[in-house]
Amino acid sequence: MNDPFFIDNEEWQDLIIKRAKRLHPNFDEKIFKLWGENLGIALDINCLKIIEDLCRVKNPKVIFEFGSGVSTIVLAKYAQEYDCKIFTLDDNFEYLTKTYNNVFGTYPDNKITFIYSPQAYKDFLENLGLNDKLDLLIIDGPHGERFNEFAKNFYRKFISQETVCIIDDTDHEDINLFTEKLAKEKNLKKFDYKNSF
């Protein structure tokens, strides 16, 4: 279409990726590509950059992520240089498989445990064998069972005062209330991050 006011999806995607590259010129090219392919699903590019920067500053040894995707690639990139254990869990087999395929062959997948758990969060949490407190917790989105009672008990058990938590979609009132309560219980500071894209 030659309408000067019309931008098709591909053109729009290119413009957004160019803007993201200007803001974060040192970010991994593979991350830009995957982020562009998953616009509207992946975390905001600035939030992904915050995750990368936090990893380099805090040097987390035990990372847990509910919801695989581009953020997992950011974590896998961090794992290339640093000693850590990463657990990434998803209730969507397609996303988890796609994430695994994006990691495999490029990043050290031996440091990442990929877990498919469609409904059995209870069984998963009881059988994980995780004994350490989490250094970094990422919860991408409120859907599925990421905030059921078993998941909430998991957060309470493995979050310490030193844990950095990144929780997407805290604009949902019930989740926002839970995160405020959790922050108070664990003596954490809570900051609201606004999506800039």
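Axes here are lines fitted to C-alpha atoms, for helices over the stretch in contact, and angles run from 0 to 180 degrees between N-to-C directions. Helices (H or I, at least four residues) and strands (E, at least two) are DSSP runs, numbered from the N terminus.

Before you start clicking: this is a predicted model, in which local features need pLDDT of at least 70 and side-chain atom pairs count only at pLDDT 80 or more, while totals for chains, interfaces and linings use all residues. Residues are numbered from 1 along each chain as its sequence is written, and side-chain values use heavy atoms, with hydrogens and water left out.

**Stop 1: H4 and H5**

Select residues 70-81, helix H4, together with residues 93-103, helix H5; their axes come within 10 Å and cross at roughly 30°. That angle makes H4 roughly parallel to H5 (under 35 degrees counts as roughly parallel, over 145 as roughly antiparallel, 65 to 115 as roughly perpendicular and the rest as oblique). Show side chains for Thr72, Ile73 and Ala76 on H4, then Thr99, Asn102 and Val103 on H5: these make the contact, meaning heavy atoms within 4.5 Å. By class, there are three nonpolar, three polar and no charged residues. In this scheme Ala, Val, Leu, Ile, Met, Phe, Trp, Tyr, Cys and Pro count as nonpolar, Asp, Glu, Lys and Arg as charged, and the others, Gly among them, as polar.

**Stop 2: H2 against H4**

From H2, pick Ile31, Leu34 and Trp35; from H4, the partners are Val70, Ile73, Val74 and Lys77. This contact has six nonpolar residues, no polar ones and one charged.

**Stop 3: H3 against H4**

The axes of H3 and H4 come within 10 Å and cross at roughly 25°, so H3 is roughly parallel to H4. Leu48, Ile51, Glu52, Cys55 and Arg56 of H3 meet Val70, Ser71, Val74, Leu75, Lys77, Tyr78 and Glu81 of H4. Seven of these residues are nonpolar, one is polar and four are charged.

**Stop 4: the cavity**

Finish with Leu54, Cys55, Lys58, Pro60, Asp135, Leu136 and Val164, which line the largest cavity. A cavity is a set of points, on a 1 Å grid over the protein atoms alone, where a 1.4 Å probe fits but cannot get out; lining residues have an atom within 4 Å of a point. About 30 Å³ of space lies inside. Which elements each supply at least two lining residues? Color helix H3 (45-58) and strand E4 (134-139) to see them; H3 gives the most, with three residues. The lining divides into five nonpolar, no polar and two charged residues.

Technical notes: 1 Å grid on protein atoms, 1.4 Å probe; cavity = no way out; pocket = protein on both sides within 12 Å on 5 of 7 lines; lining within 4 Å. Points joined across faces, edges and corners; volume = space filled by probe spheres on them.
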